[in-house]
Amino acid sequence: APEPIIQEFPNVVCSPSSQSAGVGESVSFSATGGDENYSWSAPAIPGSPNNTATAVFGSGGEKNIVATSAGDSAVCVVNVSQPKQPAPEVNIYPSAREVNVGVLYTINWSSSNAVSCTSSWGESIGTSGSSEFTQTQKGTYDYEVTCSNPDNPPVSAQTSVKVVQKPVCDFTAVPTKITPPQKSTLTWDCQYADSCSITPDV
């Protein structure tokens, strides 16, 4: 009996063997070898002729596309990167720029494109919110919020509040109504004052 004829085909080659792309970006492949009739693994879509194909990936990571022909196959590798997040933006503002000693005020902040934020005053904070403060000493108090995400350097915003110690005075006149040449006695008691004056002069 005659021996069977065995037809041999060259090995399948998928090109490019390795490439990089972003999520949602179309990538192309071509194949040689085999019997020149190819099938492709998903999500590749065969072209015409079917020795070419294109694919779009919806997630990041290492992806394999397999070209098959005449019982042989080859792999093309695609390293798919996730799109980078935009840089974070931070806004910080006080409820008042100047307050008196002992008066409550708030520091407010908001951010966009941020995964986490930290505060200069040591409190654990979210990506937006507010914190309350009261001060017993006059002076300028500085506040900073720093926000970040995995794809960008941290971004900071600063603000300050001036705490002052304004004079507080009690002022009375006894009696409050007179007819000249009657006299009224003026009495005052002031705290946190360096000097006092009365207008008009008495």
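Modeller: β7 and β8 pair in the antiparallel sense over nine bridges, where two strands count as paired if DSSP finds at least two bridges between them, and strands are DSSP runs (E, at least two residues; helices are H or I, at least four) numbered from the N terminus. This is a predicted model, in which local features need pLDDT of at least 70 and side-chain atom pairs count only at pLDDT 80 or more, while totals for chains, interfaces and linings use all residues. Residues are numbered from 1 along each chain as its sequence is written, and side-chain values use heavy atoms, with hydrogens and water left out.

Colleague: OK, which residue in β8 is the bridge partner of Ala 67?

Modeller: Ala 67 is partnered by Ala 74, and Ser 69 has Asp 72 of β8 as its bridge partner. The two strands form a hairpin with two residues between them, and Ala 70 in that turn has a positive phi of about 55°.

Colleague: What order do the strands take in the open sheet?

Modeller: The order is β2-β8-β7-β4, four strands with mixed pairing. β2 (18–22) and β4 (39–40) stand at the edges with a single partner strand each, so one side of each is left without a neighbour in the sheet. β4 pairs with β7 in the antiparallel sense over two bridges, and Ser 39 stands opposite Thr 68 in β7.

Colleague: Switching to Gln 19, is it buried or exposed?

Modeller: Gln 19, which sits in strand β2, counts as buried because its relative accessibility is 18%; buried means under 20% relative accessible area, exposed over 50%, and partly exposed in between, with a 1.4 Å probe and protein chains only.

Colleague: And what does the side chain of Gln 19 reach?

Modeller: The Gln 19 side chain reaches the backbone oxygen of Ser 28 at 3.2 Å.

Colleague: Which residues touch the most other members of the largest nonpolar core?

Modeller: They are Phe 29, Trp 40, Ala 55, Phe 57 and Ile 65, out of 18 residues; such a core is a set of buried Ala, Val, Leu, Ile, Met, Phe, Trp, Tyr and Cys residues joined through side-chain atoms within 4.5 Å. Two or more residues come from each of β3 (26–32), β6 (52–56), β7 (61–69) and β8 (72–81), and β8 gives the most, with four. Apart from this core lies another, of 15 residues, among them Val 99, Tyr 105, Ile 107 and Val 145.

Technical notes
Polar contact = N/O pair within 3.5 Å; in protein donor to acceptor, adjacent residues only side chain to side chain.
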